Each structure stands twice: as C-alpha cells, then as structure tokens.
Amino acid sequence: FNSLKLVLLKPFHPKYIRRISGGEVINLGQRQQSWAPLMQTYANLSDVASIRSFFEFRTFDPEGTIFYGDTKEGGDWFVLLLRDGVPEMQIGKADILVSVQGGPKLNDGAWHKLELRSEGKYVILEVNGKLELVVGLSSEQTEDTLTGKIRLALGGMLVGHKKLLHPFKPELDACIREGQWLNLSMPWITNPGWELQPCFPEIKKGSYFPGNGLAMFNTTDLPGVETEEKGITIEVYGSWHGTLISLQSAGFEYVLSEAEEFKKDKEIKLMEEGADSGNLPHTLGSTQLSLTILKHSLMLNGETQQKADSFDFLSMWREGMLLTFGGLPGKTEDAKSLYHLHGCLERIVIQGQDIDLDWASFKDTSVSSHSCPAKAMNETFS
C-alpha cells in the first residue's frame with residue numbers, strides 16, 4: 001500500500017462525468033450489485049505528501065466494501081471492508097496477499113471516525129482516534145520509490161475480486177461524510193447515469209422501501225422445506241403500506257397487498273387461471289405478518305387464504321419461484337403507488353433465518369438493505 005495508481009474503468013467523455021467533493025455526504029448503498037465502485041479519484045504520487053485519509057462512517061450493514069486504493073494500475077492494492085461488522089484489511093503486493101481483521105464492531109448505526117495511513121511498510125487503521133490495526137508487509141519484488149499515480153475508490157474495487165484472499169459480499173448500505181483524501185482536494189468521479197442519493201439524518205435497523213423499488217429472490221437461494229406439514233414460513237416485521245410480497249411461477253401469481261385496487265385489476269392472477277381470487281387483507285401495515293406456504297394452500301397469520309389443489313407450492317418453492325419484496329416485477333412506474341411498497345421492514349425471516357436483501361438476485365438502488373429513517377418515512381434527508 002505504500003505505492004498505489006488510478007485509471008478510470010472506462011474512458012468517459014468529460015461531458016458525462018460528474019465530479020463531486022470528497023467531503024460531501026456519500027451514500028454507498030446506492031450501488032448496483034457489482035464490484036465496480038460508486039466513485040473514484042486519482043492523484044500523481046509526486047503531489048502526495050503523505051498517504052493518509054480519514055472520514056466518518058455509519059452503517060448497520062455487517063459486510064461490504066468501504067474504501068479501496070492501488071498503485072501500478074492495480075499491481076499493488078488495498079481494500080478496507082466490514083465482515084461481521086468488524087473492520088478488515090486485505091492487501092495485495094507483488095507476490096504477497098494479506099488479510100487481517102480486528103477492532104470494534106462498526107455496524108451499530110453510529111458515526112465513527114476512521115483514519116487510514118501508510119507508514120513505510122506498514123498500513124495503519126485508527127477508529128475514533130484509537131489504533132486498532134497495524135499490518136506490516138514487505139517483499140523483495142517491490143520497489144520502495146513511489147512513482148506514477150495513486151487511485152482511490154469508494155464502495156467497490158478497481159481490480160478483479162478474484163485477487164482477494166478472503167472473498168466477501170461487496171454491497172454495503174452505509175454513509176460517509178467529511179472525508180479528507182490524501183490531504184488533497186481532487187474531485188471524485190462517478191459513472192454516467194448515477195444520481196447520488198442522500199443519507200437519512202438518523203437511522204434505525206431495517207430495510208427501507210421508498211415506494212418505487214423491489215428486491216427479488218429465487219426461492220432456490222432461500223431456506224428450504226423441512227417438513228411438508230410445516231411448509232415454508234415467511235415472517236415480516238415493520239410498518240408499511242402498498243404491496244408487500246409477490247410470488248410468481250409458471251401459470252401462477254400471488255400478491256399480498258393492502259390495496260383495494262388489486263381486486264379490480266384483471267391483469268393480476270392471484271391463483272390458477274379460472275379460479276376465484278382470494279380475499280386480500282386491507283389493513284397490512286401492522287407490526288407483524290406471517291405467510292405460510294403449504295403443499296396446496298397459503299395461510300396468512302394462521303388463517304387459510306388460498307387453496308389450489310392443482311398446484312404443489314412446496315415443489316414450486318424447491319424448483320424455483322420468484323419471491324419479490326416491495327411490489328410486482330414488470331409493472332409501470334405510473335402505478336407504483338399500487339404495485340410498490342412504502343415503509344420499513346424491520347426484519348424479514350424465512351424458516352427462522354433473517355434474510356439480508358444484499359443477497360437478493362436483484363435489488364433496486366432505491367431500496368436500503370439495512371437502514372430506515374429513524375423518524376417519519378417522509379423525513380427529509382441530510
């Protein structure tokens with residue numbers, strides 16, 4: 001890490017590049033599901049007096065990428081991440097890979113000041129003014145002279161993730177503010193089309209759906225059937241309105257929503273073709289809801305809601321259904337008040353296991369996986 005370098009992932013035309021200050025409040029949670037960073041910057045090493053950066057950081061998310069740096073166009077690289085809420089540093093330098101974890105859990109929803117610096121052969125991490133990690137690294141194949149450029153990135157990496165010694169999930173629902181990067185004032189560059197989203201002033205645990213986003217899972221990636229008698233149980237805790245859950249498979253679609261309009265929408269098949277639609281609850285938004293999927297029926301809060309002898313729901317779950325939180329896939333934006341969810345899901349539990357939306361096969365960037373506004377859902381942003 002005592003020699004680091006940057007080249008943009010793609011040569012963007014200056015007209016389409018957005019430049020922002022590194023001291024702004026930056027929402028890392030708006031990234032698409034990939035290893036590409038939210039933003040990046042670079043500097044000539046000849047302009048860098050000391051490789052030192054510090055910033056404030058806040059999250060409830062236990063895992064994901066915070067900060068990356070490299071030189072030699074990725075030949076030497078460094079990444080700071082969270083795993084189980086604890087800071088971890090991974091470093092690649094010539095023929096050496098190092099992974100070190102330590103320090104306090106940072107996913108408590110509070111702001112923490114982090115400082116990273118390179119001192120000769122050592123990389124140092126301080127948390128809230130306290131020394132937490134010191135990593136020494138030396139190789140006969142490396143050069144001590146710093147030349148070329150240094151690249152920095154937030155929320156992702158500029159080298160392939162296969163170089164990692166210890167793989168991890170890169171998505172991170174977190175915010176950064178008051179950053180000082182290499183004691184320089186160079187701007188950060190974002191990809192074309194990315195609109196920077198604000199951060200909630202105060203947060204609480206949960207997954208926030210603003211009324212226009214979905215999180216989709218293939219049921220083969222979720223906990224499976226233990227016994228046919230018990231089936232599959234999906235529990236949701238929180239406060240919401242709109243469409244909470246949809247289940248889709250070949251010839252079948254089930255929608256769980258408080259919206260009266262669903263009973264009038266002939267495009268939506270709540271059961272097999274030709275069957276009568278079941279009664280949907282009109283007062284969701286409670287603090288707890290339980291949907292149980294049995295072999296030939298669906299039960300809501302312990303009461304049978306749908307029966308379908310022609311469908312084996314448990315076999316469909318095993319083979320792969322589309323389970324969507326937050327609305328109905330494929331519906332138009334002008335109907336989002338009907339087809340989407342607005343609210344905070346404090347917990348999503350399937351078969352007794354908490355579900356992390358970062359593991360969804362698809363999640364809109366508008367959905368916050370691990371944080372909700374602490375006050376009203378229409379709270380203004382910072």
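Which hand does the link of Cys175 and Cys199 have about the S-S bond? With -105° about that bond, the link of Cys175 and Cys199 is left-handed. The model is predicted: local features need pLDDT of at least 70, side-chain atom pairs count only at pLDDT 80 or more, and totals for chains, interfaces and linings use all residues. Residues are numbered from 1 along each chain as its sequence is written, and side-chain values use heavy atoms, with hydrogens and water left out.

**Disulfides**
- The count comes to two disulfides (cysteine sulfur atoms within 2.5 Å), and their pattern is 1-2, 3-4, with bonded cysteines counted along the chain.
- Cys175 is joined to Cys199 with an S to S distance of 1.9 Å.
- This pair links distant parts of the chain, 24 residues apart: Cys175 is in strand β13, and Cys199 is in the loop between β14 (188-190) and β15 (203-205). Strands are DSSP runs of E, at least two residues, numbered from the N terminus.
- Cys175 is buried at 6% relative accessible area, and Cys199 is buried at 2%. Buried means under 20% relative accessible area, exposed over 50%, and partly exposed in between (1.4 Å probe, protein chains only).
- In the disulfide of Cys344 and Cys372 the sulfur atoms are 2.1 Å apart, and the torsion about the S-S bond is about 90°, so this disulfide is right-handed.
- Cys344 lies in strand β24 (residues 341-350) and Cys372 in strand β27 (residues 371-373), so the pair ties together parts 28 residues apart in sequence. Both Cys344 and Cys372 are buried.

**Aromatic pairs**
- There are 10 aromatic pairs, counted when ring centres of Phe, Tyr and Trp (its six-membered ring) lie within 6.5 Å; planes under 30 degrees apart are stacked, over 60 edge-to-face, and the rest tilted.
- Phe67 and Trp181 have ring centres 5.3 Å apart and planes at 40°, so the pair is tilted.
- Phe67 is in strand β5 (residues 64-71) and Trp181 in strand β13 (residues 174-181), so the pair ties together parts 114 residues apart in sequence. Phe67 and Trp181 are buried.
- Phe217 and Phe325 pair edge-to-face, 6.2 Å centre to centre with 85° between the planes.
- Phe217 is buried at 3% relative accessible area, and Phe325 at 0%.
- Ring pairs link Phe55, Phe67, Trp181 and Trp188 into a cluster.

**Charges over rings**
- The charged end of Lys169 sits over the ring of Trp359, 4.6 Å from its centre (NZ of Lys or CZ of Arg within 6 Å of the ring centre and within 35 degrees of the ring normal).
- The charged end of Arg177 sits over the ring of Trp111, 3.9 Å from its centre.

How values were computed. Helix = DSSP H or I, 4+ residues; strand = E, 2+ residues; numbered from the N terminus.
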